Amino acid sequence: MEIIVVKDKFEGGKKAAEIFKQEHDSGAKVFGLATGGTPETTYEQIVASDLDFSDDVSVNLDEYVGLAPDDEQSYHYYMQHHLFDKKPFKKSYLPDGTNLDDNAETKRYSQVIADNPIDLQLLGIGENGHIGFNEPGSAFDSTTSKIHLTDSTIKANSRYFDNYEDVPKYAYSMGIGEIMRSKKILLEAFGKNKAEAIKAMVEGEVTTAVPASILQKHPNVTVIVDEDAASLLNLD
Ligand code: GLP
């Protein structure tokens, strides 16, 4: 893993946007995208850049089950607002939270990923080490599935909702096996609350108890962390 320590999330967003540009310039066509607070500065920098995705495809990691695309808390809405309105792709895929037939939806989305092999996958990380919505205990070879969110994830994400009860309890998420098939992975983490998860991911044992630890086995991972998120790492 290549670890890049930056001053703050703004410098991190700049660095990440540069990596998007490099990969795009060297022929990347399919971009795996993430949501949450972490990638916001990256999307700001991409929007301000001359990157043109009109010939490219995006594939998002996850979506809450039960939320429609026009729901302000949905990841569809987030992507539209932070990126797609300003930098449209030829085609953008996200899991369909309104499809309550989870068998059909997870099968459909796995097929989308199989048909569009990801060149560059952007990731954040949960405080409990989750990637996408793959919570601790998820199998490393998992494909898209419906995930029962843990209490810690619901609490962490409740900051975007009026109250805890409003946070959906289930999400559709790209599986760890599918994330691992991406050609390159770029993971970002900012803030003290991510320091434990980053340490476990980079220096801990590879274990399903820390889903992100499997990234140690991927041949092309870049991690962008600010000083707070890097504060527990043994860097020389
Ligand atoms: C959410 C998302 C993840 C994200 C993580 C961290 O639950 N499903 O894709 O990386 O949690 O979110 P944030 O960046 O807001 O801290």
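Analyst: A polar side-chain atom of Thr38 is 2.5 Å from an oxygen atom of the ligand. For Asp62, a polar side-chain atom lies 2.9 Å from a nitrogen atom of the ligand. Taken alone, the ligand exposes 390 Å², and the protein buries 94% of that (accessible areas come from the Shrake-Rupley method with a 1.4 Å probe; for residues, only the protein chains shown count as cover).

This is a predicted model, in which local features need pLDDT of at least 70 and side-chain atom pairs count only at pLDDT 80 or more, while totals for chains, interfaces and linings use all residues. Residues are numbered from 1 along each chain as its sequence is written, and side-chain values use heavy atoms, with hydrogens and water left out.

There are 14 residues around the ligand, and Gly37, Thr38, Phe133, Arg159 and Lys194 come nearest (a residue is near a molecule if one of its heavy atoms lies within 4 Å of it). By type, the shell around the ligand has four nonpolar, seven polar and three charged residues. Here Ala, Val, Leu, Ile, Met, Phe, Trp, Tyr, Cys and Pro count as nonpolar, Asp, Glu, Lys and Arg as charged, and the others, Gly among them, as polar. The ligand takes up the space of the largest pocket. A pocket is an open set of points on a 1 Å grid over the protein atoms alone, where a 1.4 Å probe fits, with protein on both sides within 12 Å along at least five of seven lines; lining residues have an atom within 4 Å of a point. A molecule sits in a pocket if more than half of its atoms lie within 2 Å of its grid points.

Next come residues in loops. His130 is in the loop between strand E6 (120-123) and strand E7 (145-148) (helices, H or I, of at least four residues and strands, E, of at least two are DSSP runs numbered from the N terminus). His130 counts as buried because its relative accessibility is 10% (buried means under 20% relative accessible area, exposed over 50%, partly exposed in between, with a 1.4 Å probe and protein chains only). The side chains of His130 and Glu135 are joined by a polar contact of 3.1 Å (a pair of N or O atoms within 3.5 Å; within protein, one must be able to donate a hydrogen and the other to accept it, and residues adjacent in sequence count only if both atoms are side-chain atoms).

Asn193 lies in the loop between strand E9 (184-189) and H7. At 42% relative accessibility, Asn193 is partly exposed. Its side chain makes a polar contact of 3.0 Å with the side chain of Glu127; the two residues are 66 apart in sequence, with 6.5 Å between their C-alpha atoms.

Helix H7 (residues 195-203) holds Ile198, which is buried at 0% relative accessibility. Helix H4 (residues 102-115) holds Ile113, and that residue is buried with a relative accessible area of 8%. Ile113 is 61 residues from Met174 in sequence and 8.4 Å from it in space, C-alpha to C-alpha. Leu120, in strand E6, is buried at 0% relative accessibility.
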